[in-house]
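Subject: Structure for your review

Dear colleague,

Please find below the sequence and structure that I am handing over to you. My findings follow directly after them.

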Amino acid sequence: MKCKKAQKYLTAFVDGELRGRWRRVALKRHLDNCVPCQRMLAIQRQIKHLLQTRVRRVKTPDNLKNNIRRLLHDQFLKGGETHETHKDPSGRSKTQIS
Ligand SMILES: [Zn+2]
């Protein structure tokens, strides 16, 4: 396996998503003998670790949260008007449409 191919597989390998046993074996064999790819693997693992630990700590700004809630609410209401018209016992949706 060449470095170029090995590094292409590294991300998937770090994520545990590299398919095919022979690929993992070939990659590991390559990593055993190739320092640059070992460094690359270490970097990929660091990136993964950083993403997992840092991303969770980022707080969603309140105005963005409100915008998302409003959008979801609007979407829900729109969906409700078309799908729930006949089910709504209050008849509120019917009056809104007509
Ligand atoms: Zn290599």
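Of the 98 residues of the chain, 5% count as buried. Please bear in mind that this is a predicted model. The mean pLDDT of the chain is 82, and 76% of its residues reach 70 or more.

Overall architecture

The chain contains five helices and zero strands. Read from the N terminus, its elements follow the order α-α-α-α-α. Among the contacts in the chain with a separation of 6 or more, 45% are between residues 24 or more positions apart.

Helix 2

Helix 2 comprises 13 residues, numbered 21–33. At 1.5 Å a residue, helix 2 should span 18 Å, and the 19 Å between its end C-alpha atoms agrees with that expectation. The helix is hardly covered, as the count of buried residues among its 13 residues is one.

Arg29 is a residue of this helix. Because 12 other C-beta atoms lie within 10 Å of its own, and a residue with 12 or fewer counts as exposed, Arg29 is classed as exposed. Arg29 and Met1 are 28 residues apart in sequence, and their C-alpha atoms are 8.6 Å apart in space.

The packing of helix 1 and helix 2

Two packed helices are described by the angle between their axes and the distance between the axes. For helix 1 (residues 3–14) and helix 2, the angle is about 115 degrees and the axes are 11 Å apart. Angles of 65 to 115 degrees count as roughly perpendicular, and therefore this description applies to helix 1 and helix 2. Their crossing is left-handed.

Which residues meet where helix 1 and helix 2 are in contact? On the side of helix 1 they are Ala6, Tyr9 and Phe13, and on the side of helix 2 they are Arg23, Arg24, Leu27 and His30. An α-helix has 3.6 residues a turn, so residues three or four places apart point the same way.

Cys34 lies in the loop between helix 2 and helix 3 (35–55). Cys34 and Cys3 are 31 residues apart along the chain, and 8.1 Å separates their C-alpha atoms.

Yours sincerely

Methods:
Residues are numbered from 1 along each chain as its sequence is written. This is a predicted model: local features need pLDDT of at least 70, side-chain atom pairs count only at pLDDT 80 or more; totals for chains, interfaces and linings use all residues. Helices (H or I, at least four residues) and strands (E, at least two) are DSSP runs, numbered from the N terminus. The expected span of a helix is 1.5 Å times one less than its number of residues. A residue is buried if 20 or more other C-beta atoms lie within 10 Å of its own, exposed if 12 or fewer, and partly exposed in between; C-beta atoms are placed from the backbone. Two residues are in contact if their C-beta atoms, placed from the backbone, lie within 7 Å. pLDDT is the predictor's confidence in each residue, from 0 to 100. Axes are lines fitted to C-alpha atoms, for helices over the stretch in contact, and angles run from 0 to 180 degrees between N-to-C directions. Angles under 35 degrees count as roughly parallel, over 145 as roughly antiparallel, 65 to 115 as roughly perpendicular and the rest as oblique. A crossing is left-handed if the near helix is turned anticlockwise from the far one by less than a right angle, and right-handed if clockwise.
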